[in-house]
Amino acid sequence: MSALTSLKGNPAARWGAIALIAIALLLLPFALAGIGTAWVRITNLAILFVFLSLGLNIVVGFAGLLDLGYIAFYAVGAYVYALLASPHFGIHLPFWVILPIGAAVACLFGVLLGAPTLKLRGDYLAIVTLGFGEIIRIFLNNLYQPINITNGPQGIATIDPFRIGSLDLSRNQVFLGLNWTGPVKYYYLLLFVLLAVIVINIRLQNSRIGRAWEAIREDEIAARAMGINTRNMKLLAFAMGASFGGIAGGMFSAIQGFISPESFVLVESVMVLSMVVLGGMGNIAGVIVGAVLLSFVPEILRYTVQPAQEALFGRMIIEPEVIRMLLFGLALVLMMLYRPAGILPSAVRKRELAKRENGN
């Protein structure tokens, strides 16, 4: 905490820290490529989870609306891109046209979800949003007859990658003596979009809209009495959060080159919600930390659990996936017991928990 305080009081130190972080982020993909290209791909997926976490944070962290079906908007964005940039319908639009369309369609679905749930809160809202997410996945899984729209459980393959003029981001190229693989080029694109998403989130949080969401989260009745249109604010929260999910889905579709309904199951929604809760609901920096941790730590465990068992026991006793999920669940339980506000809680959330502990 003293280090953070000194950074806030010293502009030169703050800008120096920002410069060091920027240099580290710029060099990161080539450092990871030295270990293995798989780690660059994992980093790209981690950035996509940061997108999703920031979008869900608008709904859960800012407006206080529990959403267990957020992965549905991710699926909508992914399928919009796949259908408009693949041989499935023979349409090959450029990515800069499809991504806004995907965001708009996901935004529409966010409004469709938000409109019937305006009077619901807590467990009831969670159940409805959970059902919405499952309905979207089931539709994607079954819309292949009598007219083949989504290709059903087989998914959609050979999806177009991002192309900027003659530059194909999926192909390897040598430039300035460095090997620019597809994952490395996608990393820089994702990093650029992530910075824009973070700026938008910060501006939203500090705006009149952000303060209205916070008022609704704290006390919806009092917010309505103060003249806030709670209906429109809730719908806007669902729409804004869904649009980020749609953009992330489109980028996921282009990076993977293949999507299927199995990529958008309920566990993914729970994972994104866990990232928001673990990092600190309502705090943008905390949400980013939570998303990065829950993206990388399970993968690190996946690569280390099996060698550790073989070194200790001479054979593998428990599957890495089982231990990975066990440790993941244990970490969440310990966090809720000893740091319920998250790793980097927002100031408001921290005060709320302190008041409850003091009995005020």
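Okay, housekeeping. The model is predicted, so local features need pLDDT of at least 70 and side-chain atom pairs count only at pLDDT 80 or more, while totals for chains, interfaces and linings use all residues. Residues are numbered from 1 along each chain as its sequence is written, and side-chain values use heavy atoms, with hydrogens and water left out.

Let's start with the cores. By nonpolar core I mean a set of buried Ala, Val, Leu, Ile, Met, Phe, Trp, Tyr and Cys residues joined through side-chain atoms within 4.5 Å. Buried is under 20% relative accessible area, exposed is over 50%, and partly exposed is in between, using a 1.4 Å probe and protein chains only. The largest core here has 83 residues, and L48, F51, F162 and M251 have the most contacts inside it. Which helix gives the largest share of this core? That's α4, residues 71-84, which puts in 13 residues. Helices, by the way, are DSSP runs of H or I with at least four residues, numbered from the N terminus. There's also a second, separate core of eight residues, with L32, V40, A46 and F296 among them. As background, nonpolar side chains in soluble globular proteins tend to be buried together.

Now zoom in on F162. Contact means heavy atoms within 4.5 Å. Skipping residues up to four places away in sequence, F162 touches a whole list, including Y81, F95, L99, Y186 and M251.

Next up is helix α10, residues 230-256, where we find I247. S253 is at 0%, so it counts as buried. Beyond four places in sequence, I247 touches L99 and A103. With that exclusion applied to S253 as well, its contacts are A78, Y81, A82, I159, F258 and I259. For A78 there's a polar detail: its backbone oxygen lies 3.3 Å from a polar atom of the S253 side chain.

Over in helix α5, residues 95-114, have a look at G114. Its relative accessibility is 0%, so G114 counts as buried. Leaving out neighbours within four places, G114 is in contact with L235 and F238. From G114 to L65 the C-alpha distance is 9.9 Å, and the two are 49 residues apart in sequence.

Last topic: rings. How many aromatic pairs turn up in the whole structure? The search finds 14. Phe, Tyr and Trp rings (the six-membered one for Trp) pair if their centres lie within 6.5 Å; planes under 30 degrees apart are stacked, over 60 edge-to-face, and the rest tilted. Take F30 and Y188: the centres are 6.4 Å apart and the planes at 45°, so that pair is tilted. F30 is in helix α2 (residues 11-35) and Y188 in helix α7 (residues 182-205), so the pair ties together parts 158 residues apart in sequence. F30 is partly exposed at 25%, and Y188 is partly exposed at 22%. Y188 also pairs with Y187, edge-to-face, at 5.3 Å centre to centre and 80° between the planes. Y187 is buried, at 2%. Ring pairs join F30, W180, Y187 and Y188 into a cluster.

That's it from me.

Key:
Helix = DSSP H or I, 4+ residues; strand = E, 2+ residues; numbered from the N terminus. Polar contact = N/O pair within 3.5 Å; in protein donor to acceptor, adjacent residues only side chain to side chain.
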